Every structure is written in structure tokens, then in C-alpha cells.
Amino acid sequence: MPSNSPHLLQVRDLSCERDGRDLFAGLSFDLASGCAVQIEGANGAGKTSLLRTLIGSAADFSGEILWNGESYPKALPKLRESLLYIGHRAGVRGGLTPLENLAWYGASRDAAYRALELLDLYGFEDTLCQQLSAGQNRRVALARLFLPEAPPLWILDEPLAALDVAGVSCLQGQMACHLSRGGSIVFTSHQPVGLTPLQSIQLADYAAGDTVAGGVFVGGEDVHA
Amino acid sequence: MSMLDAPTGRRVAPGFGVLFKTELLLALRHRADIANPLLFFVTVLALLPLGVGPEPALLAKMASGMIWVMALLATLLSQESLFRGDFENGSLEQMALSPQPLYFAVLAKSMVHWMVTGLPLALLSPLLGLMLNLPAAGYLCLFFSLLLGSASLSLVGAVGAALTVALSRPGLLLALIVMPLYVPVLIFGTGAVQAAIDGYGYSAQLAVLAAYLAAAAALAPLAAAGAIRISTET
Amino acid sequence: MEVFLAWQWFHRLGSPRWFYQKTGAWLPWLALASAVLLATGAVWGLGFAPEDAKQGNSYRIIYIHVPAAFLALAGYYIMAVGGAIGLIWKMKLSFAVMRAAAPIGAVLTFIALFTGALWGKPTWGTYWVWDARITSMLILLFLYIGVIALGRAFAREQVADKACALLALVGTVNIPIIYKSVDWWFTLHQPATIRLTKASSIDPSMFYPLLTMIAGFYCFYAWTLIAHTRVLLLQREWRTQWVREALVEEK
């Protein structure tokens, strides 16, 4: 799969706005299998908006995004089959135990046990998540990355936040392992991450000025909501 | 670290059975949330004679209608939290991103919601009928009409709950948008009980309720799925 | 080729700028047509149409009640179609039409209810009767209010647009069911004293002024809807070049 379709995700001239404010414009990059892209920028620069656009959960963007050569939003059903997204909201339900949470994501019991053990949650498998700390809940969410059936495209919003030193190195190891197996990752992080090959995108380089904002709409052709 | 196989290329999605079991498990772990609508139902109906007087004939006339209206309100009150917790912890978004159609997730949630509100309400209704002096001929019909009707209420209410889940205080707004949609269920539910009390056949009304339920089961989760996609959009 | 041209036209119609520029010229004509039609219909209906044999002069309120009730229901469908087009083709313009149609429809529904209540006093001896049509109108008003309230609750217009469109569509599917069930409910509970003379045929001398009023209401509706949509478009697109140009021109 990786060799004949080198670019899984292609972003062409992407501009995002939110609440009438232009976040960034003219962003283009390609993501090949076995590669990672780190999105950097100040708070409010649009990192999360970019990730949410990439997963198809934000409608107001202009430009083109292609998944396996097919453009959004047509490609979204196929994208969802290959996507693992972890956002600010972890997707962990407090009323379930870590094991049950992972089972809800389709993990087998053995795989879930192993993943939780790797993330230092051994002994907490059957505790309700609402009784765990914030950091432990974060690790329950990240345990999805350690399941054997992990999908090829990972989109991670601040995966290293709220982790201790051991957790960070464990997760970096897993991300490197994912790349070495031909997977690909788009993630945001404030801290440097040791991954190769890693492409870094500074959102500040694509900050939208007023002129660009005017230019987008000048023709009055912006028919779509 | 290399315990893992190569990425399979397809994400494993939980089937309907897993979704349903998980929802049921969550509902059963929050027993207080199940009890509240039922307590509301009983309390308000106990207040009714205090408001209109204890005259048995008057209560008998109002019983079926009041029980139905209160069942409507009790369902509505419990509906607000249907998607709220999952929205706040991000799992609603994960459902929207799952390759599994959102339809099944909503259907599982609505079914569980009915099992923990509509079903107990229907089971409780004979007791309340007794308290409100409901004529004997109406009991069986009240039970079955509530059983069928409340399932439709859970499904239709899910659309409203999904539309308002991103709002911080949806309570009254949810009632405002869902109540008009409840009208046909209320009319045919009480109509069936009235027909039974008057000694007529009521299978036609129950058939209409069943038909409404079938249509709601097919369409309401679709609309709610669309509403979830709108609500989870940035 | 024709399909392509039609599509292009449809697409252009969806451009807020194009809509704003074109409809500016229509507005005075629509205003004139509705003023002439409404004035003619009102004078004709109130002054010259004969008295009703049973109801005397009180029936004349139908010249407002009936057109308002007509458009209240039609307005809901216009709103829902606007929402559907917006959801399917993601057109900003049709969302604006939908949002503009909601309060207009709610006001028309209220007018229909209010005039119906006024009419009820001399006819039935009471302002409010749980008649099938009045009850349906009341529920329609609630449906409108639901859409308006939902639209106001969201901070972001794009989300509000889609949520309102979905709710309007759900309402559209339910309206026939609600109307039928209310009809059925009314026949079940209908008291013997209240009978609407629905079947009795209306005399042409009363009917033509009514037709004129209905046509006048349609023109007036179109005028209000377009004017309201234009204002919404200006509010939503104020950052764009064409709005600035349009506003400078109008100064």
C-alpha cells in the first residue's frame, strides 16, 4: 500500500476561518505513509481548527484536501475507516472502566490489557474512569494508539500534554514504531518531538492578513456556507 | 515496542451489540438518573388531586390524559442528558468519526433510553391509574399505549437532544422544539385509552401508534445523526 | 447544454451579491403590487361585498384571517425548502432565506390565530375554541417559535443555520401527521354546538375580494421576505467587498 500511493493526505491552499476571523490561509502540505507532520503555533493560531478540518469536522474551509486522491467531503467515509483521532476531549467515558472504554473502541480484551499495561495503568483496568486522575484518563485515551488494530492515519491534538516524562518517552516510542510500520501522523505539540522523518509546519507563516481575507471573497463567488 | 503488527488499513468499529450493551451498562450504573423521571412522574400526579379536588368522578375523567401528559414531561426531562455526557467527554465526536453509521449509535441510545424511562413509566401506570380512579377498562390499554408511545417519544426526543447538545443550557429550548412533535403520540395514546374506557375497540389507535413508532425508528435516528454532525462541528 | 445553463443560473442565484443586486429593482414593484391589491381587496371586501346571511358583518374578518392562515402554512414549507437547499448544496443565500422566513411566518400564524379568536367571539360566543384548525395553527406557531429560538441559541451562525434547517425539515415531515391527528382528535371531542360552515359554498361576490386579498398577501409576503433576506445578507457578508460597494452606492 505505501509504495504505490505515497501521498495519503494532500492539503492544497487551505484557508480556515472561524467566527468571521481568518486563522490561516494558503496552507499546503503532503503527508506520505511513514511520515509525520507537526503543527506548531501560538495559542489561538488555529492548530485545533486545522486538525478538525482534516478529520472533516469543520465545514468552513476553502481550498482542497485529498485523501487517497479523493477530495473532501466525498472522501470522508473512507477516511473514517483509516483514522484515529484524539482531541482535547479525550473520548473516555467516566462511567466505564478503562477496559470497557477500549472495548467500545473495538479492542479485544487481551489487546486492551496489554495496551493499558504499557501505559502504566496496570491494576486500574477495572476502576471506573471517573475515579481516575486527569493524567490517567488521558492515558486511557492514548491507549488506543497501543492497540494492535491501530488504523494507519493518526491525528493527535496535543498528545504529549498532561503526561509525565516516562509517559512522553513511551508515547514517542510508539509514534516512531507507527511510522516505521508505514503509518502516518499529524499532531500538534508545544514541545519538540524526536521523530524521523518529521515535517514541521509553523502556522504563523500562513497567518491570514486582511488583504488575503478580502481577496478570498472579492469575486462574490463565495456562494457556499 | 514491536509487539504490534503492521497497520491493517481498516479501523475496527464496535457492532450494534457492543454499542447497545455499553449504553445499557452506563444507564444501569447511573441508577439515580433512572429514578428521577419516575419520581417526577409519581410526584406530579400525586399533586393533581390536591389541585383539582379529590372527587372520584372528576379524577376518573382526567386520569388517562394526565398520566399521558406527565409521561410526556418525564420523558422530556430525562432527554436532555441523553447525549450531554458523551458530548462533554468527547465520545460523541468519536461516534461521529467511527466508520460505523451514526444511525446505530443513536438507535442504541434511544432504545436504552426507552428501557430506562418509557418502560418503567408504562409499568408504573396501573398504580397511578389506581390512585387517580381510572376506570377498570382502561388499564390494559393505558399500559400498551404507553409502552408503544413512549418508544416514539424517546426516538423523536433524541432529535431535539442532538440539536441542543452543544448549547450550555438547553432545558426549556429542548421542550419548545420537541413538544409540538409529541402531539400525535399524545392524541392517539389518550384516544386509545378513552376508547377502551368507553367500551370501544382500541386496536386501531394502537396500530397508529405502532406505525408511528416504525416510522420514527427509521427516520428519527437519521435526523438525530445529522444533528450530531452539526453539533460536533467545531 | 441546457442542463448546464440551468445549473449555472441556479448557482448564480445562490450568490448573495447577485441576489442583492437583482432584487433591489424588484422591491418597489412588489411593494406597489401588494399596496394596490391589498387596498382594492380591503375596500371591496369590507365596503362592497354583501353581508353574510348568518354571520352578518363579522364574517368579513376572513379577508385577513384566510390569507394569513394560507401563508402561515406555505411559509413553513418555504422555510423548510430553503433549509433543505442550504443543507444539500451548502448555499449561504438559501440559509438566509430560511432564517428570514421564520419570524415572518410566525407573525402570520399569530395574525391568523388572533383574527380567528376575534371571529370566534360573535360566531361562537367565546374567544377561544379548541377547534381543529385553530389548534393546528397553535401548534404551527410553536413549531415556528422552536425554529426561531433554536437559531438564536447558537453563537455561530453557520451552526445555527444547519440546526434550524434540520429542525424545519423534521417539522415538515411531522406537520401532515400533526394536522391529521388533530383532525381526528377534534372529530372525537367535537361538541354539538360548534359546527363550522366549512362545506357551504362561498358566493362569488364574497370570493373575488378574498382572492384579491390572497394575491395581495402573497405579494406582501414576497416583499417582506426579500427585504428581510437582504438585511440578513448585509449583516452576514459585511466584511466582503461587494457589501462595501453596495453600501457606498446606496449612500
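**Domain and chain interfaces in the predicted model**

Chain A is divided into two domains. Domain 1 comprises residues 1-82 and 151-225, and domain 2 covers residues 90-150. The model is predicted.

Within chain A, 13 residues of domain 1 are in contact with ten residues of domain 2. The area buried between domain 1 and domain 2 of chain A is about 960 Å². Carbon and sulfur atoms give 70% of that area. Zero salt bridges are found across this interface of chain A. Polar contacts are present, however: three residue pairs, both members at pLDDT 80 or more, are counted between domain 1 and domain 2 of chain A. On the domain 1 side, strand S7 (153-157) and helix H6 (165-180) of chain A each supply at least two of the residues that touch domain 2. By residue class, this side of domain 1 of chain A divides into ten nonpolar, one polar and two charged residues.

The interface of chain B and chain C was examined in the same terms. Here 23 residues of chain B are in contact with 25 residues of chain C. About 2100 Å² is buried between chain B and chain C. Of this area, carbon and sulfur atoms give 84%. One salt bridge is counted between the two chains. It joins C:Lys162 to B:Glu233, with the closest N and O atoms 2.8 Å apart. This pair qualifies as a salt bridge because its N–O distance of 2.8 Å falls within the 4 Å cut-off. Polar contacts between chain B and chain C number two residue pairs, both members at pLDDT 80 or more.

Three helices of chain B each give two or more residues to the side that touches chain C: H8 (139-164), H9 (171-197) and H10 (203-231). Helix H9 of chain B gives the most, with ten residues. The chain B side divides into 17 nonpolar residues, five polar and one charged.

One residue of chain B was also examined individually. B:Phe104 is found in helix H6 of chain B, which spans residues 102-116. Its relative accessibility is 32%, so B:Phe104 counts as partly exposed; that class lies between the buried limit of 20% and the exposed limit of 50%. Leaving aside residues up to four places away in sequence, B:Phe104 touches B:Phe16 and B:Leu19. B:Leu25 lies 79 residues from B:Phe104 along the chain, and the C-alpha atoms of these two residues are separated by 17 Å.

Key: Residues numbered from 1 in each chain as written. Chains lettered and ligands numbered in written order. Predicted model: local features only at pLDDT ≥ 70, side-chain atom pairs only at ≥ 80, totals over all residues. Heavy atoms only, no water. Domains from an automatic or database assignment. Contact = heavy atoms within 4.5 Å. Buried area = accessible area lost by both parts, 1.4 Å probe. Salt bridge = Lys/Arg side-chain N within 4 Å of Asp/Glu carboxyl O. Polar contact = N/O pair within 3.5 Å; in protein donor to acceptor, adjacent residues only side chain to side chain. Helix = DSSP H or I, 4+ residues; strand = E, 2+ residues; numbered from the N terminus. Nonpolar A, V, L, I, M, F, W, Y, C, P; charged D, E, K, R; others polar. Buried < 20%, exposed > 50% of the residue type's maximum accessible area, 1.4 Å probe, protein only.
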